[in-house]
Amino acid sequence: MSLRQHLILIGPMGAGKSTIGRLLSEQLATDFVDLDRLIEERAGASIPWIFDIEGEEGFRERETQSLEFVLNTPAQIIATGGGCILCAKNRMLLRGSELVVYLETSIEQQLERTSKDKNRPLLQTGNPEAVLLAMAVLRNPLYQQSARLTVDTNTKQPKLVTHEILNFLDEIQNEKLPS
Ligand code: S3P
């Protein structure tokens, strides 16, 4: 199966977007881009540095610019950052794509997967659980609205999540074949 349009992964920090993105990239023999890494490459600076110097606002501007840039490249798998759906312009850009997949995750899983990570400035706080909870209240409805497929990643191994996404892709791409 080949990818005819971008397949975009959305969801909160620690949802496994990069892991699933890489597995999909292997299965589909298609390039994978992690938007956070692209932002860092284009800025020549790390995400913590961008937050320190430019604040979250500066980071969000860079995020929108990188999203616009990557959507204009040939079809590939794109993992977005957890806050990418906050900006109305980004949500509008995502609306142009049928293959937006929301990786849904519990706060417990997020805490487990992000606890040792120092590269997520918004979680460098005394109470990451409270931060993640507040984010979930605001953001989960936005992920839901933006996605064509939601996959619960809590109890599934990455391979199974990847398999579900590949099935979805197959269905969508087959719908599009001329009869
Ligand atoms: C953020 C998520 C991060 C990164 C930045 C802000 C967020 O990406 O974009 O630290 O606001 O949720 P990941 O979801 O890949 O960790």
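The legends below accompany close-up views of a predicted model.

**View 1. Packing of helix α2 against helix α3 in the predicted model.** Helix α2, which spans residues 35-43, packs against helix α3, residues 47-71, at an angle of about 110 degrees, and the two axes lie 9 Å apart. The two helices are therefore roughly perpendicular to each other, since an angle of 65 to 115 degrees falls in that class. On the α2 side the contact involves L35, D36, R37, L38, I39, E40, R42 and A43, and these meet I47, I50, F59, R62, E63, Q65, S66, L67, F69 and V70 of α3. By residue type, the contact of α2 with α3 comprises ten nonpolar, two polar and six charged residues.

**View 2. The largest nonpolar core, with a close look at V70.** This core holds 22 residues, and I10, L35, V70 and L94 are the ones that touch the most other members. Elements β1 (7-10), α2, α3, β4 (100-104) and α6 (128-146) each supply at least two of the core residues, and α3 gives the most, with six. Leaving aside residues up to four places away in sequence, V70 touches H6, V33, L35, L38, Q76 and I78. Another core, of 19 residues, lies apart from the one shown here, and its members include A15, I20, L149 and V151. In soluble globular proteins, nonpolar side chains tend to be buried together.

View 3. A search of the whole structure finds zero disulfides. C84 is in no disulfide, and the nearest cysteine sulfur to that of C84 belongs to C87, at 8.0 Å.

**View 4. A29 in the loop between α1 and β2.** A29 is found in the loop that runs between α1 (17-28) and β2 (32-34). The phi angle of A29 is near 50 degrees, a positive value in a residue other than glycine. Most residues other than glycine have a negative phi. With a relative accessible area of 73%, A29 is exposed.

**View 5. T150 in strand β5 and E104 in strand β4.** T150 sits in strand β5, residues 149-152, and E104 has its place in strand β4. Both residues count as partly exposed, T150 with a relative accessible area of 31% and E104 at 26% relative accessibility. When residues up to four places away in sequence are not counted, T150 touches Y102, E104 and Q144, while E104 under that exclusion touches Q144, T150, V151, D152, T153 and N154. C-alpha to C-alpha, T150 and I165 are 9.3 Å apart in space and 15 residues apart in sequence, and E104 and L149 are 10 Å apart in space and 45 residues apart in sequence.

Definitions and conventions. Residues are numbered from 1 along each chain as its sequence is written. This is a predicted model: local features need pLDDT of at least 70, side-chain atom pairs count only at pLDDT 80 or more; totals for chains, interfaces and linings use all residues. Side-chain values use heavy atoms; hydrogens and water are left out. A disulfide is a pair of cysteine sulfur atoms within 2.5 Å. Axes are lines fitted to C-alpha atoms, for helices over the stretch in contact, and angles run from 0 to 180 degrees between N-to-C directions. Helices (H or I, at least four residues) and strands (E, at least two) are DSSP runs, numbered from the N terminus. Angles under 35 degrees count as roughly parallel, over 145 as roughly antiparallel, 65 to 115 as roughly perpendicular and the rest as oblique. Contact means heavy atoms within 4.5 Å. Ala, Val, Leu, Ile, Met, Phe, Trp, Tyr, Cys and Pro count as nonpolar, Asp, Glu, Lys and Arg as charged, and the others, Gly among them, as polar. Buried means under 20% relative accessible area, exposed over 50%, partly exposed in between (1.4 Å probe, protein chains only). A nonpolar core is a set of buried Ala, Val, Leu, Ile, Met, Phe, Trp, Tyr and Cys residues joined through side-chain atoms within 4.5 Å.
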